[in-house]
Amino acid sequence: MTTTATSIETVPSYVQDAWWTPADGAKSVAARDASTGEVLAQVSAEGLDLAAAVAHARSVGQAELGKLTIHERALKLRELAQYLNDRRQELYEVSARTGATKIDSMVDIDGGIGVLFTFSSKGRRELPNSNVIVDGPVEVLSKDGSFIAEHIYTRIPGVAVQINAFNFPVWGMLEKFAPAFVAGVPTIVKPATPSGYLAEAAVRAMVESGILPAGSLQLVSGSARTLLDVLDYRDLVAFTGSATTANTLKSHPNVVLGGVRFTSETDSLNAAILGPDAVPGTPEFDAFIKSVVTEMTVKAGQKCTSIRRTIVPNELKQAVIDAIGARISERVVVGDPRADGVTMGALASLEQLADVRAAVETMIAAGGELAWGTLDAPVVTRADGSVAAVADGAFMSPVLLSWADAEAPEVHSLEAFGPVSSVIGYDTRDGDVSEAVRLAALGAGSLVATVCTNDPATAQALVTGIAAHHGRVLVLNREDARTSTGHGSPVPHLVHGGPGRAGGGEELGGIRSVKHHMQRTAIQGSPNMLTAVTGVWHTGANRVTAGDPEFGGTAGAVHPFRKSLAELHIGDAFASGLRQVTLEDITAFANSTGDTFYAHTNPVAAEQNPFFPGIVAHGYLLVSWAAGLFVEPAPGPVLANYGLEALRFITPVAAGDSIRVTLTAKKITPRVTDEYGEVCWDAILHNQDGEIVATYDVLTLVEKEDTLYK
């Protein structure tokens, strides 16, 4: 998007892998500079074929993303993040037009890029290098194990439509795009009009990177009122915005009757609760004041996670008001974010400013008292550094309201989406915080709350009391005040969303959000068929076994540790012979390790233990011996053993018993960027009677090609 003094261009859409603008004369809406009121561009999607865009995503986008594994898509996210990192400065310049300060822009732009990095890392570290995710353990449905079942995740076959709010045009887009992309689902982004030109700039950079597969990302700039008309059960809608709009979308026939998946994040009257112990002079009081002011002023308070209700002990109410006012006076400079020294910019638009002022006026009429700030146009710092009242800018002073009636309906139901917070008091007789819990719950569901206390009992009472009403709770005290990411900062590792008024949806949450873009399916069949579907070996499936013929080994079969990933297959196995355990072995292990637990050293006490027949071998002795039984010692494709998982000891082994091990290649995960991969081996120990002694998984790193020692 570019503009000149004589020509106002239209913010383009990006559909079917090409840039598109409407015909001349199309109805449009002006996008303005938030600080000056200057018209930057027109926004219109009139004439855009939304059905064709959806069809393109379902066909081209699905096909191209499906050619890549989860790990390959995750790596592309890392490439994209690195590319966008190099173009941050140009995005900052566009962001300033939205009223965002440099810090605001970093929260939006750097935060969005950080989400890409996080999902790239988590996708490769926590998910398989395939397109099927196994969910949970196998359920055995027949006595002989020939009929089993489990759950799997596969990507939904449609498109993820992401409708975003005006306050975070980059982060709001990338935090939805990243998990959808890892899952393998194409995205159509619909940004809000006031700041959509910044989303367009970010999408343009993403397209110019050449990293994204065809059809994986499309952008609709302008109204898309008929978009839900062309969606069905294959598709997902992720909405961020007002509860009113969310309810309208939720009532669409294709959502109500057609099965379109719909998740929303909406209005939220988030609370910060000060514990009775956090009195002035304590680190907790200082951290609380800092948090409230930060949430009032970052992005000019235009955050779905901002603190709207500041809930404090009645006896501390005036101290809190005074401290908030003092910190605002000392640290907050309102003005054009392109001017030096400005710490709070404009609201996104004059329309938004009018809405916020109207909300505050309604709250004052309902009993809120103006404790700090003004509704008059503030004196601001202009871009040239001069100080004056700017009539055309969407500027507003931070406003703090005080409420004598802590239960006034308006304070718990009306959100002024700007630099506004309300202080309400609660009774703390005998240290009871139940009234604070009740007041927080009057918000009818919120995204986040902060509990600020250094008293464990208070923290426990407040958190357990309010948790079910919130999607996230931050416990703030002197120990984490410096390191906390903050009340208003959703992190990609944790769920973002909340019940009730907050929309009832979930975003982010690490790998959970990838799975939000997938269908969980129960599959039933034989071990061989489930192995084929999932790429993970199941007990009872076919094996090619080397080792002792008495226990299933086949003459001439190659030990699986002699195979590189190019040669190794799921089901390749090794079966060892028996090794007897003696009392001398048990005693020597106890003495050498210092593990002289009575079950291994005291025959009288061991016989009295209900779980053991007498002295038994250490479990770790058996696991150590198992490694000796299955290892192939010559240098070769196996580079390292890097751990065990799911170790369970089932049958005790007494002196005179014997053990053997069967090792089976269970899961093979090549690393896209390395010359080796990970192999998970199913290990099972039996005794001389065929009883299972222990089960676990062995994790090794194995060369893709056996070249290191050749």
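Reader: Is Q62 buried or exposed?

Author: This is a predicted model. Q62 has 8% relative accessibility. Buried means under 20%, so Q62 counts as buried.

Reader: Where is Q62 found?

Author: Q62 lies in helix α1, residues 50-66.

Reader: What is Q62 in contact with, leaving aside neighbours within four places in sequence?

Author: Its contacts are A57, R155, I156, P157, G158, G184, V185 and P186.

Reader: Switching to helices. At what angle do α5 and α6 pack?

Author: About 40 degrees, with the axes 10 Å apart. Helix α5 covers residues 171-183 and helix α6 covers residues 196-208. The two are therefore oblique to each other.

Reader: Which residues make that contact?

Author: From α5, M173, L174 and F177. From α6, A199, A202, V203 and M206. By class, that is seven nonpolar, no polar and no charged residues.

Reader: On to the cores. How many residues has the largest nonpolar core?

Author: It has 61 residues. L274, F288, I311, I324, V360 and M396 have the most contacts inside it.

Reader: Which helix gives the most to this core?

Author: Helix α9, residues 283-297, with seven residues.

Reader: And what does I324 touch?

Author: I324 touches I289, V292, V293, M296 and L400, not counting residues up to four places away in sequence.

Reader: What does the second, separate core include?

Author: That core has 55 residues, among them L65, I70, L116 and A238.

Note on methods: Residues are numbered from 1 along each chain as its sequence is written. This is a predicted model: local features need pLDDT of at least 70, side-chain atom pairs count only at pLDDT 80 or more; totals for chains, interfaces and linings use all residues. Side-chain values use heavy atoms; hydrogens and water are left out. Axes are lines fitted to C-alpha atoms, for helices over the stretch in contact, and angles run from 0 to 180 degrees between N-to-C directions. Helices (H or I, at least four residues) and strands (E, at least two) are DSSP runs, numbered from the N terminus. Angles under 35 degrees count as roughly parallel, over 145 as roughly antiparallel, 65 to 115 as roughly perpendicular and the rest as oblique. Contact means heavy atoms within 4.5 Å. Ala, Val, Leu, Ile, Met, Phe, Trp, Tyr, Cys and Pro count as nonpolar, Asp, Glu, Lys and Arg as charged, and the others, Gly among them, as polar. A nonpolar core is a set of buried Ala, Val, Leu, Ile, Met, Phe, Trp, Tyr and Cys residues joined through side-chain atoms within 4.5 Å. Buried means under 20% relative accessible area, exposed over 50%, partly exposed in between (1.4 Å probe, protein chains only).
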